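Subject: Structure for you to look at

Hello,

Here is the structure I said I would pass on. Please open it and keep it in view while you read the notes under it.

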Amino acid sequence: AEKGTILHRVMEQINFRQLAAVWNSGETKDKAEADAAAKTEAVRAVVNDLVNREILTAEEAGVVSYSKIIGFFDSEIGKRACKAGKLYKEVSFNIMKEISGEKIIIQGTIDCYFEENGKYILLDYKSEYLFDSGDEAEMEKLVERYRSQLGLYREALEMIRGTRVEEVYLYLFS
C-alpha cells in the first residue's frame, strides 16, 4: 500500500508533457537500449527533484519502480495523456447522493483526467498486482471491483465540468 501511495505521489508530481518532450527528443528506433536508459534517467531526475523538494524521502525514492512509470508513459493511454490539451491530476471532489432515501456525501480524488479534442477522458491508476495478467477471469474481477468507484468518479467529473466524460480507463501499473 505504501509503495502504491509513493507511486501515486510521483505520478501527481510528474509533468507529463515535459517528460514526454525529453523522451521524444532523442528517440530513434535504432537505439532502443539508449532510449530505455534515457527514459530511466528522466524519471530518476524527477524522483531526485522530489527528494530535494522534500516531497519524497530518500527511503521512499528508493522503492519507486521506474519501469512501472516508464510503462505508463509508453502505453497508449499514457501517450494520449501527454498530448492532451488540458491535463488534470489529483482532483478532489465532494458530491451528495441519495441512496436508499438517505442523502450522503461522497468524497474522492480523481487520479487524472484530460481533454482530448474537446472530450474528457477519465483515468484511474492502480498499483495492485495481478498474479496472472493473462487471466481474463482475474482481470474481470478487478474491473468489477472498481466499476462503482469509476462510475462515481465519472459522475463527479461530469458535475464538476458540466460535460460528458467520453471514456473511462483503469490503468494497472503491474
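First, the conventions. This is a predicted model, in which local features need pLDDT of at least 70 and side-chain atom pairs count only at pLDDT 80 or more, while totals for chains, interfaces and linings use all residues. Residues are numbered from 1 along each chain as its sequence is written, and side-chain values use heavy atoms, with hydrogens and water left out.

The sheet

Helices (H or I, at least four residues) and strands (E, at least two) are DSSP runs, numbered from the N terminus. Two strands pair if DSSP finds at least two bridges between them. Four strands make up an open sheet with mixed pairing, and their order is 1-2-3-4. Strand 1 (86–99) and strand 4 (165–172) are at the edges with a single partner strand each, so one side of each has no neighbour in the sheet. On average, neighbouring strands are turned by 40° against each other, direction ignored; the axes behind this angle are lines fitted to C-alpha atoms, for helices over the stretch in contact, and angles run from 0 to 180 degrees between N-to-C directions.

Going through the pairs:

- Strand 1 pairs with strand 2 (residues 102–116) in the antiparallel sense, over 13 bridges. Lys-89 has Cys-112 in strand 2 as its bridge partner.
- Strand 2 and strand 3 are also antiparallel, with five bridges.
- Strand 3 and strand 4 pair in the parallel sense over seven bridges. Lys-126 stands opposite Leu-172 in strand 4.

For accessibility, buried means under 20% relative accessible area, exposed means over 50%, and partly exposed is in between (1.4 Å probe, protein chains only). Strand 3 (residues 119–126) has seven of its eight residues buried, so the rest of the structure largely encloses it.

The cysteines

How many disulfides does the structure hold? A disulfide is a pair of cysteine sulfur atoms within 2.5 Å, and the count is zero. For Cys-82, the closest cysteine sulfur is in Cys-112, at 9.2 Å, which is too far for a bond. Both residues are buried: Cys-82 has a relative accessible area of 9%, and Cys-112 has 0%.

The charged side chains

Side chains of opposite charge can pair when their charged atoms come close. A salt bridge here is a side-chain nitrogen of Lys or Arg within 4 Å of a carboxyl oxygen of Asp or Glu. The whole structure has twelve salt bridges, including these:

- Arg-53 and Asp-49 meet at 2.8 Å, N to O. Both are partly exposed, Arg-53 with a relative accessible area of 44% and Asp-49 with 33%.
- Glu-155 and Lys-97 have their closest N and O atoms 2.9 Å apart. Glu-155 is in helix 7 (residues 136–161) and Lys-97 in strand 1, so this pair ties together parts that are 58 residues apart in sequence. Glu-155 is partly exposed, at 28% relative accessibility.
- Arg-154 and Glu-158 have their closest N and O atoms 3.8 Å apart. Both are in helix 7, four residues apart, or about one turn of the helix. Arg-154 is partly exposed at 27%, and Glu-158 is partly exposed at 27%.

A network of salt bridges links Arg-80, Glu-116 and Glu-167.

The side chain of Asp-111 does make a polar contact with the side chain of His-8, at 3.3 Å. A polar contact is a pair of N or O atoms within 3.5 Å; within protein, one must be able to donate a hydrogen and the other to accept it, and residues adjacent in sequence count only if both atoms are side-chain atoms.

Ala-38 is in helix 3 (residues 32–52) and is partly exposed, at 41% relative accessibility. Ala-38 and Val-22 are 16 residues apart in sequence, and their C-alpha atoms are 8.5 Å apart in space.

Regards
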